[in-house]
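The following note sets out a series of numbered points on the model shown below. Please read each point with the structure at hand.

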Amino acid sequence: MNSAATLIILALLHGSSKALGKIVSGTDVSEILISFTGTIFIGTAVTWAVVWIILRLLQKQELTITVTNWILAAATITSFALAIMRI
């Protein structure tokens, strides 16, 4: 699987983990949907942009998607762990 496809899958998983956290804390459906879509689009875009800028300064921008994937994977694992601890 290529890095771009992995990025999409990780963005969806990260959004799902944030939504699960909202479900566990008992928020309503609209907040859950906002958290899910906001994390997928805005969170991933901001993460990618910050990583790209840092790696551009280091002249290693070809690693942007790979580094972003690792960051999203770590954030997803952390978010799922926090949601499970709330149960």
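1. Aromatic pairing. This is a predicted model, and the count of aromatic pairs in it comes to 1. The partners are Trp48 and Trp52, whose rings are stacked. Their centres are 6.5 Å apart, and the angle between the planes is 20°. The term "stacked" applies because planes under 30 degrees apart are counted in that class. For the student, the general principle is that a pair of aromatic rings is described by the distance of the centres and the angle of the planes.

2. Setting of the pair. Both Trp48 and Trp52 belong to helix α2, which covers residues 29-57. The two positions are 4 residues apart in that helix, so about one helical turn separates them. Trp48 is partly exposed, with a relative accessible area of 37%. Trp52 is also partly exposed, with a value of 33%. Both residues take part in the contact of α2 with α3 as well, and that contact is taken up in the next points.

3. Overall architecture. The protein comprises 3 helices and 0 strands. Along the sequence, the pattern reads α-α-α. A box of roughly 45 × 25 × 20 Å, taken along the principal axes, is filled by the C-alpha atoms. The protein has 87 residues, and 26% of them count as buried. When contacts between residues at least 6 apart in sequence are considered, 62% join residues at least 24 apart.

4. Helices α2 and α3. How do α2 and α3 pack, in angle and in distance between their axes? The angle is about 130°, and the axes are 9 Å apart. The two helices are therefore oblique to each other. The crossing of α2 past α3 is right-handed. On the side of α2, the contact is made by Thr44, Thr47, Trp48, Val51, Trp52 and Leu55. On the side of α3, the residues are Thr64, Ile65, Val67, Thr68, Ile71 and Leu72. By class, this contact of α2 with α3 has 8 nonpolar and 4 polar residues, with no charged residues.

5. Helices α1 and α2. The axes of α1 and α2 come within 8 Å and cross at roughly 150°. This crossing is right-handed. From α1, the contact includes Leu7, Ala11, Leu12, His14 and Gly15, together with Ser16, Lys18, Ala19, Lys22 and Ile23. From α2, the residues are Ile32, Ser35, Phe36, Thr39, Ile40 and Thr44. The residues of the contact of α1 with α2 divide into 8 nonpolar, 6 polar and 2 charged. Thr44 deserves attention, for this residue of α2 is listed in the contact with α1 and also in the contact with α3.

6. Ser35 as an example. Is Ser35 buried or exposed? Ser35 lies in helix α2, and its relative accessibility of 12% makes it count as buried. The class follows because buried means under 20% relative accessible area. Apart from neighbours within four places in sequence, Ser35 is in contact with Lys18, Ala19 and Lys22.

7. Helices α1 and α3. Helix α1 covers residues 3-24, and helix α3 covers residues 64-86. Their axes come within 9 Å and cross at roughly 20°. The two helices are therefore roughly parallel to each other. Their crossing is left-handed. The residues of the contact of α1 with α3 divide into 13 nonpolar, 10 polar and 2 charged.

8. Gln59 is located in the loop between α2 and α3. This residue has a positive phi of about 60°, although it is not a glycine. Gln59 counts as exposed, at 66% relative accessibility. Thr78, by contrast, is a residue of helix α3. Thr78 is partly exposed, with a relative accessible area of 45%. From C-alpha to C-alpha, Thr78 and Val24 are 15 Å apart in space, and they are 54 residues apart in sequence.

Note on methods. Residues are numbered from 1 along each chain as its sequence is written. This is a predicted model: local features need pLDDT of at least 70, side-chain atom pairs count only at pLDDT 80 or more; totals for chains, interfaces and linings use all residues. Side-chain values use heavy atoms; hydrogens and water are left out. Axes are lines fitted to C-alpha atoms, for helices over the stretch in contact, and angles run from 0 to 180 degrees between N-to-C directions. Angles under 35 degrees count as roughly parallel, over 145 as roughly antiparallel, 65 to 115 as roughly perpendicular and the rest as oblique. A crossing is left-handed if the near helix is turned anticlockwise from the far one by less than a right angle, and right-handed if clockwise. Ala, Val, Leu, Ile, Met, Phe, Trp, Tyr, Cys and Pro count as nonpolar, Asp, Glu, Lys and Arg as charged, and the others, Gly among them, as polar. Rings of Phe, Tyr and Trp (its six-membered ring) pair if their centres lie within 6.5 Å; planes under 30 degrees apart count as stacked, over 60 as edge-to-face and the rest as tilted. Buried means under 20% relative accessible area, exposed over 50%, partly exposed in between (1.4 Å probe, protein chains only). Contact means heavy atoms within 4.5 Å.
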